[in-house]
Amino acid sequence: LLKSVANVDELRRELFHVQRELLRERTRCKALEEELENPMNIHRWRKLEGSDPSTYEMIQKIQTLQRRLISKTEEVVSKEMAIQEKEKLYIDLKKILARQPGPEVAEQLQIYQQSLKDKTKTDEAMSSELNMCEAQNAEYKYENRNFGP
């Protein structure tokens, strides 16, 4: 029984605090309601400059932006196609270049040309020597016929 009496006292104190807090909140709520009805800070309620654009203007803007988006997309597609063409051309030229002879082949060709020139000179020299020998042989045959029996 003593415990319940002590508990009742504590509950009364808690009830008193809660009622006082409720009264405080009601007073605060009433003050805020009065402030809403009669605002003291007039500048807080001034109209903001500018206004929302109308729906028609917004639709026009959307259409304009969509047209710009479409044109830019087409531009991107055309540029991508141009890039692909250039890449294909690059690959083709790279393949052609790979089949071309290198500098070693050019050096070898010069060596062969020089060798051909040398052999041509030798051939011409031998040809003239042969002509000389044939002429001398013909002369000897002529002399043989004239001095012979």
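What is the mean pLDDT of the protein chain, and what share of its residues reach 70 or more? The mean is 86, and 87% of the residues reach 70 or more; pLDDT is the predictor's confidence in each residue, from 0 to 100.

A note before the views: this is a predicted model, in which local features need pLDDT of at least 70 and side-chain atom pairs count only at pLDDT 80 or more, while totals for chains, interfaces and linings use all residues. Residues are numbered from 1 along each chain as its sequence is written, and side-chain values use heavy atoms, with hydrogens and water left out.

**View 1. The protein chain and its helices.** The protein chain has 3 helices and 0 strands, in the order α-α-α along the sequence. Helices (H or I, at least four residues) and strands (E, at least two) are DSSP runs, numbered from the N terminus. Among these elements, H2 has the highest mean pLDDT (93) and H1 the lowest (86). Of the 149 residues, 0% are buried; buried means under 20% relative accessible area, exposed over 50%, and partly exposed in between (1.4 Å probe, protein chains only). Accessible areas come from the Shrake-Rupley method with a 1.4 Å probe, and for residues only the protein chains shown count as cover.

View 2. The term asks for a side-chain nitrogen of Lys or Arg within 4 Å of a carboxyl oxygen of Asp or Glu. About one helical turn separates the two, because they lie 3 residues apart in helix H1 (residues 2-37). Glu-25 is partly exposed at 41% relative accessibility, whereas Arg-28 is exposed at 51%.

View 3. Leu-89, Leu-93 and Ile-96 make up a nonpolar surface patch with about 270 Å² of accessible area together. Patches take residues with over 30% relative accessible area and no salt bridge, joining like charges within 9 Å and nonpolar side chains (Val, Leu, Ile, Met, Phe, Trp, Tyr) within 5 Å. Leu-89 sits in helix H2 (residues 55-99) and is partly exposed, at 47% relative accessible area.

**View 4. Cys-29 and Cys-133.** Cys-29 is partly exposed at 39% relative accessibility, and Cys-133 is partly exposed at 41%. The whole structure has 0 disulfides, a disulfide being a pair of cysteine sulfur atoms within 2.5 Å.
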